[in-house]
Amino acid sequence: MSLIGNFFTSSIGRKLLMAVSGLILVGFVFGHLVGNLQIFGEPDRINGYAHFLQSLGPVLWAVRLGLLATAAVHIWAAVVLTLENKKARGALDYGVKGYIRATVASRYMRLTGLVVLAFIVYHIAHFTLGSADSANYKDNLPHFTLTEDVREFGFPLAAKGTEVHDVYSMIFLSFRNPIISGFYILATGLLSFHLLHGFESMFQTFGLRNHRWCCCLRRFTTLICLAYFVGNLAIPGAIWLGLNKPHAGTHAASVAPVALCTSCDAK
Ligand code: HEM
């Protein structure tokens with residue numbers, strides 16, 4: 001059998017596929033967070049960055065398809081390994097069922113993974129396709145004119161004066177809704193929890209987890225996952241609580257928050 005074939009048919013091959021696909025997805029989610037944190041800066045930043053990504057055309061599609069294939073491999077390996085583990089446990093038929101040394105995060109991997117999957121489907125319907133919160137979708141908002149050249153590490157992303165989608169206002173207007181913000185906070189919290197065990201498992205698969213620095217590794221992964229969660233929590237949290245206000249002159253700044261309770265204002 002070929003080397004590639006072995007990856008798909010042996011347990012260790014599937015573990016490796018799961019670790020490598022997980023690492024690629026982690027690269028994406030951390031990169032995406034760094035891009036999203038620009039919501040705390042000038043509107044030109046996030047709008048110029050989103051415009052640059054959209055302008056990549058076929059490259060963007062290649063990346064999207066690559067990510068989709070990576071996620072499919074990750075889920076497939078998780079399902080097959082889970083079924084194999086169950087079968088092996090069934091054959092041994094333990095009299096006492098318990099979770100010896102299993103962390104809480106490891107026990108809920110399937111549940112947290114499923115919620116994250118549901119979140120991604122919702123998220124794409126929300127910000128990419130605009131079917132979840134169409135009133136605040138970028139296609140339905142006035143365009144934004146970049147007030148300055150947008151550069152990243154000296155690399156030009158978009159030129160001053162370009163008319164772009166107002167992703168900045170879309171995010172602000174959407175996250176004013178506490179239900180949407182609450183769901184994002186919950187989902188990214190569960191994703192951080194999923195990553196907590198995922199990281200340790202990945203180091204184990206790569207043979208980088210041993211008794212000497214297993215404790216340091218746990219502290220390190222906890223810190224990274226916590227930082228990831230705080231970064232994600234800050235985006236909807238600060239908008240929802242009014243701590244991050246839209247810049248004057250933007251479309252989001254011109255729209256008054258919708259009162260959730262209409263009878264509250266009634267005399
Ligand atoms: C507060 C958190 C987040 C914000 C503000 C945010 C924002 C966005 C925005 C604005 C887009 C659409 C960009 C555009 O089409 O112009 C997008 C796309 C996307 N996001 Fe997020 N995101 C967040 C969290 C996440 C998380 C946690 C994941 C993964 C688990 C994720 C995965 C994606 C994916 C897969 C896309 C589709 C990319 C594409 O259109 O090709 N996002 N996000």
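This report walks through the fold, the helix packing, the nonpolar cores and the ligand shell of the structure above.

**The overall layout**

Keep in mind that this is a predicted model. The protein chain is built from ten helices and four strands. Reading from the N terminus, the order of elements is α-α-α-α-α-α-β-β-β-β-α-α-α-α. As for burial, 24% of the chain's 267 residues count as buried.

**How the helices pack**

Two packed helices are described by the angle between their axes and the distance between the axes. Helix 9 turns up in both of the pairs below.

| Helix pair | Angle between axes | Distance between axes | Crossing |
|---|---|---|---|
| Helix 8 and helix 9 | roughly 165° | within 9 Å | right-handed |
| Helix 2 and helix 9 | about 40° | 10 Å | left-handed |

Let's take helix 8 and helix 9 to begin with. Their axes cross at roughly 165°, and angles over 145 degrees count as roughly antiparallel, so helix 8 is roughly antiparallel to helix 9. The residues of this contact divide into 15 nonpolar, eight polar and two charged.

Now for helix 2 against helix 9. With an angle of about 40°, helix 2 and helix 9 are therefore oblique to each other.

**The nonpolar cores**

The largest nonpolar core holds 19 residues, and the ones with the most contacts inside it are Ile 39, Ile 46, Val 167, Tyr 168, Ile 171 and Phe 172. Helix 3 (43-55), helix 7 and helix 9 are the elements that give two or more residues to this core. Helix 7 gives the most, with seven residues. Apart from this core lies another one, made of ten residues, including Val 116, Leu 196, Cys 225 and Tyr 228.

**Around the ligand**

Which residues come nearest to the ligand? Out of the 19 around it, the answer is Asn 36, Ala 50, Phe 127, Thr 128 and Ile 235.

At least two shell residues each come from helix 2 (11-36), helix 6 (109-128), helix 7 (167-175), helix 8 (178-205) and helix 9 (214-240). Helix 6 has the largest share of the shell, at six residues. Sorted by class, the shell has twelve nonpolar residues, six polar ones and one charged one.

Key. Residues are numbered from 1 along each chain as its sequence is written. This is a predicted model: local features need pLDDT of at least 70, side-chain atom pairs count only at pLDDT 80 or more; totals for chains, interfaces and linings use all residues. A residue is near a molecule or strand if its C-beta atom, placed from the backbone, lies within 6 Å of it. Ala, Val, Leu, Ile, Met, Phe, Trp, Tyr, Cys and Pro count as nonpolar, Asp, Glu, Lys and Arg as charged, and the others, Gly among them, as polar. A nonpolar core is a set of buried Ala, Val, Leu, Ile, Met, Phe, Trp, Tyr and Cys residues joined through C-beta atoms within 7 Å. A residue is buried if 20 or more other C-beta atoms lie within 10 Å of its own, exposed if 12 or fewer, and partly exposed in between; C-beta atoms are placed from the backbone. Axes are lines fitted to C-alpha atoms, for helices over the stretch in contact, and angles run from 0 to 180 degrees between N-to-C directions. Angles under 35 degrees count as roughly parallel, over 145 as roughly antiparallel, 65 to 115 as roughly perpendicular and the rest as oblique. A crossing is left-handed if the near helix is turned anticlockwise from the far one by less than a right angle, and right-handed if clockwise.
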